[in-house]
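Please keep the structure open while reading.

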Amino acid sequence: MQGGTVVSMPVPQDGDGTGCSRRWAVTSPSPHESWGDPAQAWSNERVLYADASRRTLASAAAVEGFFAFVWFGWGQEGPPPGVPSVLGAGAVLAVLVVVGGVLAARRARNQPSPVDGAAAGKRFGIVVGVEFALVGLGAAILGFTSHPEFIAAWTCLVVGVHFLPLARLFVGIGMAPLAGAVSVVGVAAFVVGATTTVLPSTVAGLGAGACLLGHSASMLLARHPAAG
């Protein structure tokens, strides 16, 4: 690329402010530089780097740690021998992540909020509302058709998919890979539950709990650029 400068500047997400604290963006050329056609230069502007605020990372870690704890608990429904101890250890680690996330978010309370602004709050509410509606509908159908054992697998799949639209709200924290991982666990829970004697809740609880625990811990322990 010829000419142009790279500067650190705040870039809002669709004008709603969703916790994205800073981006590295390509700006227009200086008077002594040239990109050729000025209109083309502006159209080629692109973001090179996006990073969530420390408050966003800590808050997301606390929330995901809590749900990791919930999933590890759900996995205790009727697991094979040896699995309960793994689920218990995971639950303990999840609690530690929750505590660490809450404390870190409190220290960073002056930084941008994970969901800041009416538009962002509305989007978040819609995504979560649809998620709960789908989970409830699927659970009702599975219960009505005498297959309640697959409710955990269905819930896991819906939770995984719902991370995809959330990835557009919470930029820079790796929600898309998490969506793929949890969705795969949900599908695996269906397959294992239908073909073996292992309960779907065991697969979903252990798998989703591990995904959320790993992701939340990585956010909590990440070295934030602002910290130097």
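## Helix H2

The buried residues of H2 are Arg54, Thr56, Leu57, Ala58, Ala60, Ala61, Ala62, Glu64, Gly65, Ala68, Trp71 and Phe72. The model is a predicted one.

The length of H2 fits expectation. The helix has 21 residues, and at 1.5 Å a residue these should span 30 Å. The C-alpha atoms at its ends are 30 Å apart, so the two values agree. In general, an α-helix has 3.6 residues a turn, so residues three or four places apart point the same way.

## The largest pocket

The largest pocket holds about 620 Å³ of space. It is lined by 25 residues, and those closest to its centre are Val63, Phe67, Glu131, His162 and Phe163.

H2 supplies the largest share of the lining, with nine residues. What is the make-up of the lining by class? It has 19 nonpolar residues, four polar and two charged.

## Aromatic pairs

Four aromatic pairs turn up in a search of the whole structure. One of them joins Phe66 and Phe67. Phe66 is partly exposed, at 44% relative accessible area. Phe67 is partly exposed too, at 41%. Phe67 is also among the residues closest to the centre of the largest pocket.

Is it stacked or edge-to-face? The ring centres lie 5.7 Å apart and the planes are at 10°, so the pair is stacked. The cut-off for stacking is under 30 degrees between planes. Phe150 has 13% relative accessibility, so it counts as buried. Phe190 is partly exposed, with a relative accessible area of 26%.

## Ser146

The loop between H4 and H5 also holds Ser146. Its phi is near 65°, a positive value in a residue other than glycine. Is Ser146 buried or exposed? Its relative accessibility is 57%, so Ser146 counts as exposed. The cut-off for exposed is over 50%.

Notes: Residues are numbered from 1 along each chain as its sequence is written. This is a predicted model: local features need pLDDT of at least 70, side-chain atom pairs count only at pLDDT 80 or more; totals for chains, interfaces and linings use all residues. Side-chain values use heavy atoms; hydrogens and water are left out. On a 1 Å grid over the protein atoms alone, a cavity is a set of points where a 1.4 Å probe fits but cannot get out, and a pocket is an open set with protein on both sides within 12 Å along at least five of seven lines; lining residues have an atom within 4 Å of a point. Grid points are joined across faces, edges and corners, and a volume is the space filled by probe spheres set on the points. Helices (H or I, at least four residues) and strands (E, at least two) are DSSP runs, numbered from the N terminus. Ala, Val, Leu, Ile, Met, Phe, Trp, Tyr, Cys and Pro count as nonpolar, Asp, Glu, Lys and Arg as charged, and the others, Gly among them, as polar. Buried means under 20% relative accessible area, exposed over 50%, partly exposed in between (1.4 Å probe, protein chains only). The expected span of a helix is 1.5 Å times one less than its number of residues. Rings of Phe, Tyr and Trp (its six-membered ring) pair if their centres lie within 6.5 Å; planes under 30 degrees apart count as stacked, over 60 as edge-to-face and the rest as tilted.
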